[in-house]
Amino acid sequence: QVQLVESGGGLVQAGGSLRLSCAASGGTFSTYAMGWFRQAPGKEREFVSSINRSGGLTYYVDSVKARFTISRDNAKNTVYLQMNSLKVEDTAVYYCAARRRYGSTSYSTFANNAAYDYWGRGTQVTVSS
């Protein structure tokens with residue numbers, strides 16, 4: 001059983017930056033693809049970004065491209081989400097997720113909630129105007 005713990009959220013002004021971290025334990029981190037999702041109040045959880053096991057394949061939702069960067073450090077069992085040029089509409093709870101299964105590496109697969117096997121409890125990101 002994999003445990004995921006997010007950190008790094010907080011309150012930031014628009015245009016600012018935050019770096020989220022997700023520390024994994026209880027499994028072999030390098031065998032999991034990882035994703036970041038977010039959920040704003042009153043909205044469904046949405047895909048933000050993903051990274052494959054080696055770190056060589058990444059995906060981003062269009063709204064965060066060129067502003068967010070996902071990375072992973074398999075030696076530290078941690079995945080990161082660097083968020084720059086934050087906007088008010090980025091306000092949400094951000095969740096880290098781990099995908100155990102092998103198979104398709106398409107965007108549609110990684111962007112699908114159901115493709116992930118383990119979830120963290122989330123960290124709040126609030127961007128003020």
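The largest nonpolar core of this predicted model has 38 residues, and those with the most contacts inside it are Met34, Trp36 and Tyr94. A nonpolar core here is a set of buried Ala, Val, Leu, Ile, Met, Phe, Trp, Tyr and Cys residues joined through side-chain atoms within 4.5 Å, and buried means under 20% relative accessible area, with exposed over 50% and partly exposed in between (1.4 Å probe, protein chains only). At least two residues of this core come from each of S3, strand S4 (33-39), strand S5 (46-51), strand S6 (58-60), strand S7 (68-73), S8, S9 and strand S11 (123-128). S9 gives the largest share, five residues. Strands are DSSP runs (E, at least two residues) numbered from the N terminus. In soluble globular proteins, nonpolar side chains tend to be buried together.

A word on bookkeeping: residues are numbered from 1 along each chain as its sequence is written, and side-chain values use heavy atoms, with hydrogens and water left out. Since the model is predicted, local features need pLDDT of at least 70 and side-chain atom pairs count only at pLDDT 80 or more, while totals for chains, interfaces and linings use all residues.

On to the covalent link. The structure holds one disulfide, the term standing for a pair of cysteine sulfur atoms within 2.5 Å. Cysteine 22 is joined to cysteine 96, with an S to S distance of 2.0 Å. The pair ties together distant parts of the chain, 74 residues apart: cysteine 22 sits in strand S3 (residues 18-25) and cysteine 96 in strand S9 (residues 92-99). The torsion about the S-S bond is about -75°, so the disulfide is left-handed. Cysteine 22 is buried at a relative accessible area of 0%, and cysteine 96 is buried at 0% as well.

Strand S3 also takes part in an open sheet of four strands, in the order S1-S3-S8-S7, with antiparallel pairing. Two strands count as paired if DSSP finds at least two bridges between them. Strand S1 (3-7) and S7 stand at the edges with a single partner strand each, so one side of each has no neighbour in the sheet. On average, neighbouring strands in this sheet are turned by 15° against each other, direction ignored; the axes behind such angles are lines fitted to C-alpha atoms, for helices over the stretch in contact, and angles run from 0 to 180 degrees between N-to-C directions. S1 and S3 run antiparallel and are joined by five bridges, and valine 5 has alanine 23 in S3 as its bridge partner. Serine 21, in strand S3, counts as buried at 15% relative accessibility. Contact means heavy atoms within 4.5 Å; neighbours within four places in sequence aside, serine 21 is in contact with Val5, Glu6, Ser7, Trp36, Thr78, Val79 and Tyr80.

Strand S5 pairs with two other strands. With S4 the pairing is antiparallel over five bridges, and arginine 38 has glutamate 46 in S5 as its bridge partner. These two strands form a hairpin with six residues between them, and glycine 42 in the turn has a positive phi of about 80°. With S6, S5 pairs in the antiparallel sense over three bridges, where serine 49 has tyrosine 60 in S6 as its bridge partner. The S5 and S6 hairpin also has six residues between its strands, and glycine 55 takes a positive phi near 90° there. Five of the six residues of S5 are buried, so the strand is largely enclosed by the rest of the structure.

Serine 49 of strand S5 is buried, with a relative accessible area of 0%. The side chain of serine 49 reaches the backbone oxygen of tyrosine 59 at 2.9 Å. Leaving out neighbours within four places in sequence, the contacts of serine 49 are Met34, Gly35, Trp36, Tyr59, Tyr60, Ile70 and Leu81.

The loops hold a few residues of interest too. Asparagine 77, in the loop between S7 and S8, has a phi near 55°, a positive value in a residue other than glycine, and is partly exposed at 28% relative accessibility. Serine 85, in the loop between S8 and S9, likewise has a positive phi, near 50°, without being glycine; serine 85 is partly exposed at 40%. Glutamate 89 lies in the loop between strand S8 (78-83) and S9 and counts as exposed at 57% relative accessibility. Glutamate 89 and glycine 42 are 47 residues apart in sequence and 13 Å apart in space, C-alpha to C-alpha.

Conventions
A polar contact is a pair of N or O atoms within 3.5 Å; within protein, one must be able to donate a hydrogen and the other to accept it, and residues adjacent in sequence count only if both atoms are side-chain atoms.
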